[in-house]
Amino acid sequence: MAETSTAIGRGAMAGGAKSGTDKLGTDKLGTDTDADADAETDTATGGICTPLFELHTALGGRMVSFAGHALPMRFEGTVAEHRRTRSAAGLFDVSHMGIVDLHPGTDDLRDDDLRDATAWLERCVPGSMQSLQPGQMRYTLFTTPSGGVLDDLIVAHHRSRLRLVVNAARIDADMAMLRAANGGSDDGEVRICLRHDLALLALQGPAAADVVARWAPAAAQLAFMATAAMSINGVECEVSRCGYTGEDGFELAVPAADAVHVAELLLGCEEVSPAGLGARDTLRLEAGLPLVGHELTESTSPAEAGLGWCIPKRRRAQGGFPGADAIAAQLARGPSRRRVGIVADGRRPIRDGAVLADAQGSEVGIVTSGSYGPTVDAPIAMGYVAVEHGTVGTELFARGRKGPEPCRVVPLPFVEHRYWRPS
C-alpha cells in the first residue's frame, strides 16, 4: 500500500516525540487531536514536521507538503535515488503513514488471544484476519458500502494487539469508519489507538537485509510479510519485512525520540542513501503497485484493480464487510474495466489523467499514474481500460498536450518483485 503508498500521520515536531506512548507497545489511549495540537509545522511547506525533519534539511532534502506533512521530494535526485535503491539501499521517511493499534476489549485474555479482535476487524475489511498468526502481516482493504476502495492497508499480528498501517490522506476517513464499527468510540468491543509517538522508516533495496542484520541479526531470517520486535543499537523497534518499492526491504517502527539516531545509524552504512517521495513513487510504479487516490478510489472496485486475490473464498461467501454483495457479484461475473500497465512508444511521458483512446479515437480508458521508469528506461503508466482493450499488446493512444501519444498495454509489474521468502 502506499501513498507515496498514498500509502500517508504521526507527525512530530523536529526536535521531540509526539504524545501518545512512552514505549513501543504500551499505549496511552488518547485521540489524534492531542498530538496534532503539539506538532510543529514547517513554515515553508505548511506541512507537519516528522521526527526526521531537521535531518532531511541538513542532508539537503527538497521539502514539500505531502498528505499534510513536510517530507523530502528528493535529495541527490529522483533518478539517482531510484537507481541506488534498486542496486543497494534507499532510506525513506514514511512517518506520515498512520499507525493504528487495535487491542482486545477485555484485559483478561492471554497475550496472544486476539480472536475477538480479528473477528471484529473482519467487519471492516474483506481479508481473512482470523487466520492471521502472531508475527504475520497481511495486505487488505477498507471498502465502501457501494463496493469501492476507501483505503488499502497492512495488518500485523503483534500478539497482544493488531497493528494497522494506513495511508495518511485517509486517516480521518479510516478512523471514522473504525469508530463507527466500534459503537462510535475508541473504547468499545476493541480499543482503538492512533499512535502519535512512533516514526516509520523504510529501508529498501537488495542490501537492506545485510544492513539491518548488523544490529539485528534475526532480521535476515524474517520472511516477506513477517514482523518481530528487535533491538537496533539499544532502540526497541518493530521490524517488518515489507515495503512498497518491489524490492526486498524493511519498515522500522521506532519511538519518535529515537528516529534520528536510528536513521543516522543506517545512513552511516556505505550502502545506504537517503531517498525521497519522488523515488518512492517511480519505484512503486515500476513494481505495478496501486496507489490510493490514483489506482484506488471510492469509485474503483477491488475486482477492477486486480485485487481479488486479497479476498478469499470464505469472505466472498460469508460477506459481512462493507460492500460485500456488490464486490462478490463483480468478482463472480468479472469487471467491465481493468487495471493495466502501459508503455509509451516514444519518449514523451504519459501523465495522470490522460484519456486513453483506441485507433478510431474512441475513449476506452484513463491513465491513473504515469512517469519515466528509470529501470526500464521508458515512459510508463498504469490506468484503467475496458476489458476488451486490456489484452497485452493492444495499441492505444494517450491524449496529451501535444496530441495523441502512441502506447501499448504491457504486463504488470514493469520490474520483477524481489521480495525475500525462505526456500
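This is a predicted model: local features need pLDDT of at least 70, side-chain atom pairs count only at pLDDT 80 or more; totals for chains, interfaces and linings use all residues.
## Nonpolar cores

The largest nonpolar core consists of 36 residues, and those with the most contacts inside it are Phe92, Tyr139, Leu296 and Leu307. Two or more residues of this core come from each of β6 (137–143), β7 (149–157), β10 (198–204), α8 (277–286) and α10 (324–333). Apart from its neighbours within four places in sequence, Leu296 has contacts with Tyr139, Val149, Asp152, Pro290, Leu291, Ala305 and Leu307.

A second, separate core holds 31 residues, including Leu55, Leu91, Ala209 and Val211.

## A buried histidine

His56 belongs to helix α2 (residues 53–58). Because its relative accessible area is 5%, and buried means under 20%, His56 counts as buried. When residues up to four places away in sequence are not counted, His56 touches Thr50, Gly61, Met63, Pro72, Phe75 and Asp93.

## The largest pocket

The largest pocket has a volume of about 900 Å³. It is lined by 50 residues, of which Tyr139, Tyr244, Leu289, Trp309 and Tyr419 are the closest to its centre. The lining comprises 32 nonpolar, ten polar and eight charged residues.

Several strands supply at least two lining residues each, among them β6, β7 and β8 (162–166). The largest share, four residues, comes from β15.

## The second largest pocket

By type, the lining residues are four nonpolar, two polar and six charged. Both β19 (395–400) and β20 give two or more residues to this lining, and β19 gives the most, with three residues.

Note on methods:
Residues are numbered from 1 along each chain as its sequence is written. Side-chain values use heavy atoms; hydrogens and water are left out. A nonpolar core is a set of buried Ala, Val, Leu, Ile, Met, Phe, Trp, Tyr and Cys residues joined through side-chain atoms within 4.5 Å. Buried means under 20% relative accessible area, exposed over 50%, partly exposed in between (1.4 Å probe, protein chains only). Contact means heavy atoms within 4.5 Å. On a 1 Å grid over the protein atoms alone, a cavity is a set of points where a 1.4 Å probe fits but cannot get out, and a pocket is an open set with protein on both sides within 12 Å along at least five of seven lines; lining residues have an atom within 4 Å of a point. Grid points are joined across faces, edges and corners, and a volume is the space filled by probe spheres set on the points. Ala, Val, Leu, Ile, Met, Phe, Trp, Tyr, Cys and Pro count as nonpolar, Asp, Glu, Lys and Arg as charged, and the others, Gly among them, as polar.
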